[in-house]
Amino acid sequence: MRIILITILIFLVNPVYSQIKDSSKLFTIKHKLELISKTDTLFNSRVDISSSKLPLSEVVKTIASISGVNISIQGAESKIISCNFKRARVSDIIYFLCKEYSYDIDNIGNIVSIFPYFPPMKEASKPNVKFNSKDSTLYIDIANSRLVDVVKVISSEAKVNIIIPQQMLNNQISCYFNNLPLHEGIITLMNVNNLDVQQTSKKTYNIISLSDKEQKTTSYKFQKRFSANQINIDVNNQISASITNGNVQDLITDVMERLKLNFHFITPINKQLSIYVNRLDLDKFLNILLLGSSSSWTVKDGIYYFGGYDKEKALVSSMVIRMKNRSVDKIIDYIPAELKSGLNVSTYPDLNSIVVSGDQKGIAEIESFINKLDQRIPLINIDVIIVETTKSLSHEVGLGLGIGDAPAKTKGTLSPGVDFTINATDLDKIINSINGLGPINLGNKVPNLYMNLKMLEQTGNVVLKSTPKLATLNGNEANLKSGETKYYKEVQSSIYGAQNPIESKSYTWKSVEANLNLKIIPFISEDSTITLKIEIEQSEFTPRTDLEAPPGLTTRSFKSTINVNSEDVVLLGGIERNLNDSGSSGLPLISRIPVLKWIFGKSSKNKKDYKLNIFIKPSVIF
């Protein structure tokens, strides 16, 4: 019962003791930060910082840059954090990082050093290791003891030097044997704990770590050759294979020997697979064999090298992939990120090529993908006919009487259309020469009297035609722009001085464009039909409101997507503008009576129609 109570107390006290130690550490950190903040008030400044999956060292560097405090941090390059601080004090952020990620701080003046916190090591009990100096035998009975503690006892009692790499000092080892010779005992101790040892002199040993992979691969031996039915190589060195559960290294060795090629395994490849392929060249065959493994291959100076790519940098391969049918520009953007992972991919515009370096299998996948993209791109020739039609019609009828500044002259035209002005003398002659008017008598006439008679009709039809030709590659934009530019003067006035102000004026000529913009993007389908994305925008000038004012603009536009066959003609119309202007003047009421309104008034009608038609004819040229 007493033993049970002691055990329970141990389990209860240990967490409490750990919490006390952590609280003491955090209290010390907080106290140090308070003292530093009094010395340097920048540690009380507030900052905003937000990060997502950044190294802790970069976050601390950003805080120091924003606030201006002096901070250094150790052992934080591999620690990735995400945080979002708003108006947080620098000292509070440092305290938070120390608490969350187990760091401690020290300072010299206003320079703060942040470093990983290591709890004080408990004093380990002495390992159960005994050395008998009479017969030079070793006895060991240990479980989960530190390597450094065991080696210290052996070195002290047997008077030998055992060198341990620093990263292995705290390795946990276990072993039991009784009365083995010293040399044999040291080797046994290391081997059963996945370690190796080299004796460099009579009393000096070096400890070396062995990975599980290295232990397995060091024992590899060539196992079998394959029959002609399993592996066949024809006169063109095309490889066919039909193998179930074969060893990859055996396969490679057999094939390379049959092809009489030089090869070397940097590290053995212990992998079993089943493969059934027909007539492959050597490169594709090797890539299939090593697909999905960490092993790779490369060839240098006629020698094929095989081994683990992640471990042996000697297996890095490179290839220049030259584009045959298209530009290398932006081609890297089309390669999926999964294919580029672990590879260095760059463009070499001088040779229109892509340079790839890295694992040979990844390079082969990139090459295969680029070959699929490197196809001849069709050229689309686009014939464009632009027809602008302007139709106008105007009528002007009326009789006018008036008094001018001086006697008028009888003049005008009678055909085509009547536009005639008659002075007072000729008007009197006309009236006197007409008999039967009876009571009509104008009496005494002012010498400056005149009469104007108008009966005019004008029509116009203007057709403007242009036939530009465009050409573009499939999926690329063809752009046509045509128009005119007008300028206006912009005046800027500046007044200098307060008591005697002086006005200064500067002039700037600015431009305004009225254009016809035509954008066409063609896409060719597998059945050779062409989808056209068309955008048309037409702008025209309107009359100026003032001589120096900028001209006005009217704009009409439309977008359309159509599907046509090669050589088909498409009509794009409907961009029209109609102008109707009518007016009249005359005596009230009388000017509304038919016939009389022509004698005692004037009327005019103007009509203009503007129409734009665009014909498009795409043709595919392969």
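With which residue does the side chain of Glu 567 meet in a salt bridge, and what is the distance from N to O?

Modeller: The partner of Glu 567 is Lys 617, and the N to O distance in this salt bridge is 3.5 Å; the term requires a side-chain nitrogen of Lys or Arg within 4 Å of a carboxyl oxygen of Asp or Glu. The two residues are 50 apart and belong to distant parts of the chain: Glu 567 sits in the loop between strand S29 (552-564) and strand S30 (570-586), whereas Lys 617 is in strand S31 (residues 601-621). Helices (H or I, at least four residues) and strands (E, at least two) are DSSP runs, numbered from the N terminus.

The model is a predicted one, in which local features need pLDDT of at least 70 and side-chain atom pairs count only at pLDDT 80 or more, while totals for chains, interfaces and linings use all residues. Residues are numbered from 1 along each chain as its sequence is written, and side-chain values use heavy atoms, with hydrogens and water left out.

Glu 567 counts as partly exposed because its relative accessibility is 45%, and Lys 617 falls in that class too, at 28%. Here buried means under 20% relative accessible area, exposed over 50% and partly exposed in between (1.4 Å probe, protein chains only).

The whole structure holds eight salt bridges. One of them joins Arg 279 to Asp 234, with the closest N and O atoms 2.5 Å apart. This pair also links distant parts of the chain, 45 residues apart: Arg 279 lies in strand S15 (residues 272-280), and Asp 234 in the loop between strand S12 (231-233) and strand S13 (239-247). Arg 279 is partly exposed because its relative accessibility is 46%, whereas Asp 234 is buried because its relative accessible area is 19%. A further salt bridge connects Asp 359 with Lys 361, at 3.9 Å from N to O, and both of these residues are buried. Side chains of opposite charge can pair when their charged atoms come close.

A charge may also face a ring. Lys 30 lies over the face of Tyr 95, 5.9 Å from the ring centre; this requires NZ of Lys or CZ of Arg within 6 Å of the ring centre and within 35 degrees of the ring normal.

Phe 263 and Phe 265 make an edge-to-face pair, 5.9 Å centre to centre with 85° between the planes. Trp 297 and Tyr 304 are stacked, at 5.8 Å centre to centre and 25° between the planes. The rule takes rings of Phe, Tyr and Trp (its six-membered ring) with centres within 6.5 Å, and calls planes under 30 degrees apart stacked, over 60 edge-to-face and the rest tilted. Trp 297 is buried because its relative accessible area is 2%, and Tyr 304 is buried because its value is 12%. Phe 263 and Phe 265 belong with Phe 306 to one aromatic cluster.

The largest nonpolar core has 28 residues, of which Ile 94, Ile 105 and Ile 114 touch the most other members. Elements that each supply at least two of its residues include helix H1 (2-39), helix H3 (90-101) and strand S4 (103-108). Apart from this core lies another, of 27 residues, among them Leu 147 and Ile 173. Such a core is a set of buried Ala, Val, Leu, Ile, Met, Phe, Trp, Tyr and Cys residues joined through side-chain atoms within 4.5 Å. Beyond four places in sequence, Ile 105 is in contact (heavy atoms within 4.5 Å) with residues including Ile 29, Ile 94 and Ile 114.

For the protein as a whole, there are 12 helices and 31 strands, and 33% of the 622 residues are buried.

Finally, confidence deserves attention. The mean pLDDT (the predictor's confidence in each residue, from 0 to 100) is 78, and 80% of the residues reach 70 or more. Over residues 1-20 pLDDT stays under 50, and the model has zero contacts there beyond four places in sequence. Residues 212-219 also stay under 50, with nine such contacts. Where pLDDT is low, the predicted coordinates should not be read in detail.
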